[in-house]
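Student: I have just opened this entry and would like to go through it with you. Could we take it piece by piece?

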Amino acid sequence: MKIYKANRKGFINYLLIGSVILPIVVFFLDKSTFLEKPFILLPLLSPLILIFWIYFDTSYKIENNELIYRSGFLRGKIGISNIKEILKGKTMWSGIKPALAKNGLIIKFNKYDEIYIAPENNNELISDLLNVNAEIKITE
């Protein structure tokens, strides 16, 4: 079993910083209300918790001839023997995206399924997938 960390560059970092700063700014704008009723901050903290969960939970691994992905509530397995093609260095703007960055991998599997992942090192993941299934077509 080999674990591949997610690439954490780009927009996700700005989103994380913004979600940390927003509750602090709102708190200082009206301190007295939030000191009397601190539970009012909960709606502002909920997205922060979700973003932290996705940020620290996103990873990929190869185990038992399957590519396993997890990113917050998105989790699943893809049989490596079912992978037909990998588009390298591309970004998919819709669909299933357990990824945090651009310029990752679009993995096409089964007949019409595809998923976008963004590991730290695209080449390392591709070479390990090719070791299991040499029939995978790589497109750049």
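Student: To start, which residue in strand 3 is the bridge partner of Y60?
Tutor: The bridge partner of Y60 in strand 3 is Y69. Please keep in mind that this is a predicted model, in which local features need pLDDT of at least 70, side-chain atom pairs count only at pLDDT 80 or more, and totals for chains, interfaces and linings use all residues. Residues are numbered from 1 along each chain as its sequence is written, and side-chain values use heavy atoms, with hydrogens and water left out.

Student: How many bridges join strand 2 to strand 3?
Tutor: Strand 2 (residues 59-63) and strand 3 (residues 66-71) run antiparallel and are joined by 5 bridges. Strands here are DSSP runs of E with at least two residues, and helices are runs of H or I with at least four, numbered from the N terminus. Two strands pair if DSSP finds at least two bridges between them.

Student: What is the strand order in the open sheet with antiparallel pairing?
Tutor: The order is 1-2-3-4. Strand 1 (2-5) and strand 4 (74-79) are at the edges with a single partner strand each, so one side of each has no neighbour in the sheet.

Student: And which strands does helix 3 lie across?
Tutor: Helix 3 lies across strand 2, strand 3 and strand 4, and runs at about 155 degrees to strand 3. Such angles run from 0 to 180 degrees between N-to-C directions, with axes fitted to C-alpha atoms, for helices over the stretch in contact; contact means heavy atoms within 4.5 Å.

Student: Changing topic: what is the strand order in the sheet with mixed pairing?
Tutor: That open sheet of 4 strands has the order 7-6-5-8. Its edge strands are strand 7 (113-117) and strand 8 (137-139), each pairing on one side only.

Student: How many bridges join strand 5 to strand 6?
Tutor: There are 6 bridges between strand 5 (residues 83-90) and strand 6 (residues 104-109), which run antiparallel. In strand 6, F109 is the bridge partner of I83. Helix 4 packs on this sheet as well, touching strand 5, strand 6, strand 7 and strand 8.

Student: One more topic: how many aromatic pairs are there?
Tutor: The count comes to 2 aromatic pairs, where rings of Phe, Tyr and Trp (its six-membered ring) pair if their centres lie within 6.5 Å, and planes under 30 degrees apart count as stacked, over 60 as edge-to-face and the rest as tilted. F52 and F56 form a stacked pair, 5.8 Å centre to centre with 10 degrees between the planes.

Student: Where do F52 and F56 lie?
Tutor: Both lie in helix 3, 4 residues apart, about one turn of the helix.
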